[in-house]
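Dear colleague,

I am handing over the structure that you will be working with, and below it I have written out what was found. Please keep the structure open beside the text as you read.

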Amino acid sequence: KPSRKILREMAEATLLLSTSKFEGFPNVVLEALSCGTPVVSTLSTDVIREFALKGGLIEVPVGDYKAVAAATINILENDELQREMSQHALETAASYSWLDVKYFWDEIIQAALKSKGVRFFAK
């Protein structure tokens, strides 16, 4: 659970950059969207594509830092785009319930369990 200070800072941020090569479920991206913070993110998981299609997020290819820079500059220099993305970010985040997030994590855990060399130990 993010602290109130982190949420306040995220809500005051102009945008969030997420340049991961891989994400299971991009929690920090969903947290930013739920604060109305526009996001520029690499396409590190299919969920990023879903977020981008709903709005509030610009997706860029993994490793394409020129695209990251261009998208960032576009948002920073365009107040109207920032406002639109902020509104869409809130709408996108509101469209995800805890059950949606749990479903994605369940898929990730099942894939990990099927992977060679991945072990989960329970007490």
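The largest pocket of this predicted model has a volume of about 160 Å³. Its lining is made up of Phe25, Asn27, Leu30, Glu31, Ser34, Ala93, Tyr96, Ser97, Trp98 and Val101. Helix H2 and helix H6 (98–114) each supply at least two residues of that lining, and it is H2 that gives the most, with four residues.

One of the lining residues, Ala93, also belongs to the buried residues of helix H5, which are Leu81, Gln82, Met85, Ala89, Thr92 and Ala93. Seen down the axis of H5, these buried residues fall within an arc of 95°, and therefore they line one face of the helix. On the other side of H5, by contrast, Arg83 and Ala94 are exposed.

What do the buried residues of H5 pack against? Their partners are helix H2 (27–34), strand S2 (39–42), helix H3 (46–54), strand S3 (57–60) and helix H4 (65–76), so that H2, which gives four residues to the lining of the largest pocket, is also among the elements that H5 packs against.

At the N-terminal end, H5 is capped by Asn78, with a side-chain oxygen of Asn78 lying 3.2 Å from the backbone nitrogen of Glu80.

With best wishes

Terms used: Residues numbered from 1 in each chain as written. Predicted model: local features only at pLDDT ≥ 70, side-chain atom pairs only at ≥ 80, totals over all residues. Heavy atoms only, no water. Buried < 20%, exposed > 50% of the residue type's maximum accessible area, 1.4 Å probe, protein only. Arc of directions from axis to C-beta. Contact = heavy atoms within 4.5 Å. Polar contact = N/O pair within 3.5 Å; in protein donor to acceptor, adjacent residues only side chain to side chain. 1 Å grid on protein atoms, 1.4 Å probe; cavity = no way out; pocket = protein on both sides within 12 Å on 5 of 7 lines; lining within 4 Å. Points joined across faces, edges and corners; volume = space filled by probe spheres on them.
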